[in-house]
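Please keep the sequence and the structure at hand while reading.

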Amino acid sequence: MTTKSIPVNPKQTGLSTGKTKTALQSGDTMKALVYFGPGKKSWEEKPKPLISQPTDALVKILKTTICGTDLHIMKGDVPEVSVGRIIGHEGVGIVEEVGTAVSNFKKGDHVLISCITSCGKCDYCKRGMYSHCENGGWILGHLIDGTQAEYVRIPYADNSLYHIPAGSDEEALVMLSDILPTGFECGVLNGKVQPGNTVVIVGSGPIGLAALLTAQFYSPAEIIMIDPDDNRLATAKKFGATQVINNSKENAIERVKQLTGNKGADTVIEAVGIPATFELCQSLVGAGGTIANIGVHGKSVELHLEKLWAHNITITTRLVDTVTTPMLLKTVQSKKLDSKQLITHHFKLSDIINAYDTFQNAAREKALKVILTNE
Ligand SMILES: NC(=O)c1ccc[n+]([C@@H]2O[C@H](COP(=O)([O-])OP(=O)(O)OC[C@H]3O[C@@H](n4cnc5c(N)ncnc54)[C@H](O)[C@@H]3O)[C@@H](O)[C@H]2O)c1
Ligand SMILES: [Zn+2]
Ligand SMILES: [Zn+2]
């Protein structure tokens, strides 16, 4: 192996070296989940990341999880993820080291890692659109090495980490790295959920359920969940859905018509990411209503403007910005929001291959979120 220096652009590498050090010189190793192309992953030894920019922090992972998006990566749906990449974009940990420009965090701090990295200074960050940060956005476990590892380098630590208050249930906070802000920002806020409204959520996975939980901040009159998985619908009922519809067994359009007096819903949230469900949303929205898309779509969908044009419909899209994380953290702390109920399975971090197997077979395993603990 030759000694080579590694580029320091935070988007290019999670293993940067600054001026003098190289990966080879660092010597320390750690274990991590490494992506080796579609369908191939391995829990193996990797060099421990180093601080490369003054704004970086090095975080020792305490708990992490697996996201539906990681499954998309594993299927090869996210081609920017290169072979050798450590994936994962959620977790909590302890700060091990900080760069010289980090002022909000110090060694030993317990932190929540945001799935979105943001510099806090560019035009997009100033507008609260962290997802489009010119130097960050969704890069963790995507364009740089991620959190399914014993250690992770977090660029722009001051803006991309959050302090965990002493005495917190850290496991519950893992749900704040991605799924709660996603359900809330892309679904509930964009969908303009209001008191007395009728809300339909298509897809009762972790993201749809996160939208269901956070929609209740606004006391809508009805929340109707649609999914083909009876187990997930039963969970939705427990989490506060007023009606559930199994659309593999019954006609969801007819049921929603019945339930809304033929009017359709005020807010329809798409939380699946396939053409069939976006098209279904267009048939469920009422006049003056909003379709809030959350799903990651890989294929084009048909837009029925010939039906929608006269109905004063709004359609919104969003990549989660995680700007509501501080607010959501308070609601979890005060127990107004019980995020822990989204967790169904626990594994050791070193048992992550089995955890993937469980999460990949969510219906069979009755799985929602799995927690991986670095012991
Ligand atoms: N916009 C963002 O920033 C953002 C962030 C994170 C995740 N996402 C996306 O949100 C979506 C949901 O994520 P998740 O983790 O909950 O995924 P998931 O795969 O766990 O859940 C999807 C749910 O949709 C259901 N479903 C499948 N086909 C359906 C159909 N025809 N009708 C109704 N329901 C159907 C499944 O049974 C499952 O319960 C994914 O596309 C994910 O990539 C978007
Ligand atoms: Zn995710
Ligand atoms: Zn920025």
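How many bridges join β8 to β9, and do these strands run parallel or antiparallel? Five bridges join β8 to β9, and the two run parallel. This is a predicted model, in which local features need pLDDT of at least 70 and side-chain atom pairs count only at pLDDT 80 or more, whereas totals for chains, interfaces and linings use all residues. Residues are numbered from 1 along each chain as its sequence is written, chains are lettered from A and ligands numbered from 1 in the order in which they are written, and side-chain values use heavy atoms, with hydrogens and water left out.

**The parallel sheet**

Helices (H or I, at least four residues) and strands (E, at least two) are DSSP runs, numbered from the N terminus, and two strands are said to pair if DSSP finds at least two bridges between them. By these criteria, six strands form an open sheet with parallel pairing, in the order β10-β9-β8-β11-β12-β13. Its edges are β10 (243-245) and β13 (314-316), each of which pairs on one side only, and from one strand to the next the twist averages 15°. Strands of a sheet pair through backbone hydrogen bonds, either parallel or antiparallel.

Strand β8 (residues 198-202) pairs in the parallel sense with β11 (residues 265-270) over four bridges, while β11 and β12 (residues 285-293) are joined, also in the parallel sense, over five bridges.

| Residue | Opposite residue | Strand of the opposite residue |
|---|---|---|
| Val-202 | Ile-226 | β9 |
| Val-200 | Val-268 | β11 |
| Val-268 | Ile-291 | β12 |

Burial is judged by relative accessible area, with buried meaning under 20%, exposed over 50% and partly exposed in between (1.4 Å probe, protein chains only). On this scale β11 is mostly covered, five of its six residues being buried, and β9 is mostly covered as well, with four of its five residues buried. Helix α9 (residues 252-259) packs on the sheet and touches β8, β9 (222-226) and β10, its direction making about 160° with that of β10. Axes here are lines fitted to C-alpha atoms, for helices over the stretch in contact, and angles run from 0 to 180 degrees between N-to-C directions; contact means heavy atoms within 4.5 Å.

**Nonpolar cores**

A nonpolar core is a set of buried Ala, Val, Leu, Ile, Met, Phe, Trp, Tyr and Cys residues joined through side-chain atoms within 4.5 Å. The largest has 70 residues, and those with the most contacts inside it are Leu-180 and Leu-212; helix α7 (residues 206-215) gives the most to this core, with six residues. Leaving aside neighbours within four places in sequence, the contacts of Leu-180 include Met-175, Ala-210, Leu-328 and Val-332. A second, separate core of 16 residues includes Ile-224, Val-256, Leu-280 and Val-285.

**The zinc site and the cysteines**

The protein donors of the zinc ion (ligand 2) are Cys-67 (SG), His-89 (NE2) and Asp-178 (OD), lying 1.7 to 2.2 Å from the ion. Donors are N, O and S atoms within 2.8 Å of the metal (3.2 Å for Na, K and Ca), and because water is not among the atoms, sites may look incomplete. Along the chain the donors follow the spacing C-x21-H-x88-D. Cys-67, in the loop between β3 (57-64) and α2 (68-75), and Asp-178, in the loop between α5 (170-173) and α6 (179-189), are 111 residues apart. Cys-67 is buried at 5% relative accessible area, and Asp-178 is buried at 7%.

The structure holds zero disulfides, a disulfide being a pair of cysteine sulfur atoms within 2.5 Å. Cys-115 forms none because its sulfur is 7.9 Å from the closest cysteine sulfur, in Cys-67, too far for a bond; Cys-115 is buried, with a relative accessible area of 3%.

**Positive phi angles in loops**

Asn-312, in the loop between α11 (305-308) and β13, has a phi near 55°, a positive value in a residue other than glycine, and is exposed at 59% relative accessible area. Lys-335, in the loop between α12 (325-333) and β14 (343-348), has a positive phi near 65° and counts as exposed at 72% relative accessibility.
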